[in-house]
Amino acid sequence: MYQQTTRNISITVEPVYLEEQSSPDENYYVWAYNVKIENAGGETVQLRSRYWRITDARGRIDEVRGPGVVGEQPVLGPGDSFEYTSGTPLPTPSGFMVGSYQMVTEGGEEFDVAIPAFSLDCPHEMRRLN
C-alpha cells in the first residue's frame with residue numbers, strides 16, 4: 001500500500017494486477033487500484049476533480065484529467081472517508097502512477113491533495129534494478 005497526507009487529507013492506494021483481464025502475448029496488462037480518501041482535518045471538503053500521470057516501462061506518459069472520481073464528487077466532513085476502485089491498462093508489464101485531487105473547502109478555498117506515486121508491476125516479469 002502507498003499513502004500520503006496533504007492538509008489532513010490522507011490518500012491510501014493499493015494496486016492489484018488483474019491477470020484475468022490481461023493479455024501479455026498482446027502487450028496488454030491491466031491493474032485495478034483501490035483508493036481510500038480520509039479527512040482527518042476539522043473542515044468539510046469536496047473532491048472536485050482529479051489528475052493522473054501514468055507512465056509505462058518505456059517512459060510513455062498518459063495524462064488524465066476529469067471531474068470527480070468514478071462519476072462522483074464526494075463531500076467529506078471531518079472524520080469521513082470515501083473509497084473507490086478504478087483501473088488502468090498499460091502496453092508494458094510495469095509502470096507507475098502519480099497524481100492529485102483538486103479539493104475545495106466550504107469557504108471556497110481550492111487546494112490540491114497529492115496522490116502518492118505507486119508502482120504497477122506484473123508479478124510474472126523479472127524485475128531489474130537500473
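Reader: Which residue in β5 does Ile54 stand opposite?

Author: In this predicted model, Ile54 stands opposite Asp62 in β5.

Reader: In which sense do β4 and β5 pair, and over how many bridges?

Author: The pairing of β4 with strand β5 (residues 61–67) is antiparallel and runs over seven bridges.

Reader: How many residues lie between them in the hairpin?

Author: Four residues lie between β4 and β5. One of the residues in the turn, Gly59, has a positive phi of about 90°.

Reader: Turning to the aromatics, how many aromatic pairs does a search of the whole structure find?

Author: The search finds seven aromatic pairs. Among them is the pair of Trp52 and Phe118, whose ring centres are 5.9 Å apart.

Reader: Why is the pair of Trp52 and Phe118 edge-to-face?

Author: The planes of the two rings stand at 90°, so the pair of Trp52 and Phe118 is edge-to-face; the label applies to planes over 60 degrees apart.

Reader: Where in the chain are the two residues of that pair?

Author: Trp52 belongs to strand β4 (residues 45–56) and Phe118 to strand β9 (residues 110–121). The pair links distant parts of the chain, as its members are 66 residues apart.

Reader: Does Trp52 count as buried or exposed? And Phe118, buried or exposed?

Author: Trp52 counts as buried, because its relative accessibility is 2%. Phe118 counts as buried too, at 1%. The cut-off for buried is under 20%.

Reader: Which residues form one aromatic cluster with Trp52 and Phe118?

Author: Tyr2, Tyr33 and Tyr101 form one aromatic cluster with Trp52 and Phe118.

Reader: What sits over the ring of Phe111?

Author: The charged end of Arg7 sits there, 3.9 Å from the centre of the Phe111 ring.

Reader: A change of topic: with which side chain does the side chain of Ser10 make a polar contact?

Author: The partner is the side chain of Gln3, at 2.8 Å. Ser10 itself lies in strand β2 (residues 9–17) and counts as buried, with 9% relative accessibility.

Reader: Which residues is Ser10 in contact with, leaving aside neighbours within four places in sequence?

Author: Ser10 is in contact with Gln3, Gln4, Thr5, Lys36, Ile37 and Glu38.

Reader: How far apart are Phe82 and Lys36 in space?

Author: Their C-alpha atoms are 5.8 Å apart, although Phe82 and Lys36 are 46 residues apart in sequence. Phe82 has its place in strand β7 (residues 81–90) and counts as buried at 14% relative accessibility.

Reader: What does Phe82 touch, not counting residues up to four places away in sequence?

Author: Phe82 touches Val35, Lys36, Ile37, Val69, Glu72, Pro74 and Leu76.

Definitions and conventions. Residues numbered from 1 in each chain as written. Predicted model: local features only at pLDDT ≥ 70, side-chain atom pairs only at ≥ 80, totals over all residues. Heavy atoms only, no water. Phe/Tyr/Trp six-rings, centres within 6.5 Å; stacked < 30°, edge-to-face > 60°. Buried < 20%, exposed > 50% of the residue type's maximum accessible area, 1.4 Å probe, protein only. Lys NZ or Arg CZ within 6 Å of the ring centre and 35° of its normal. Polar contact = N/O pair within 3.5 Å; in protein donor to acceptor, adjacent residues only side chain to side chain. Contact = heavy atoms within 4.5 Å. Pairing = 2+ DSSP bridges.
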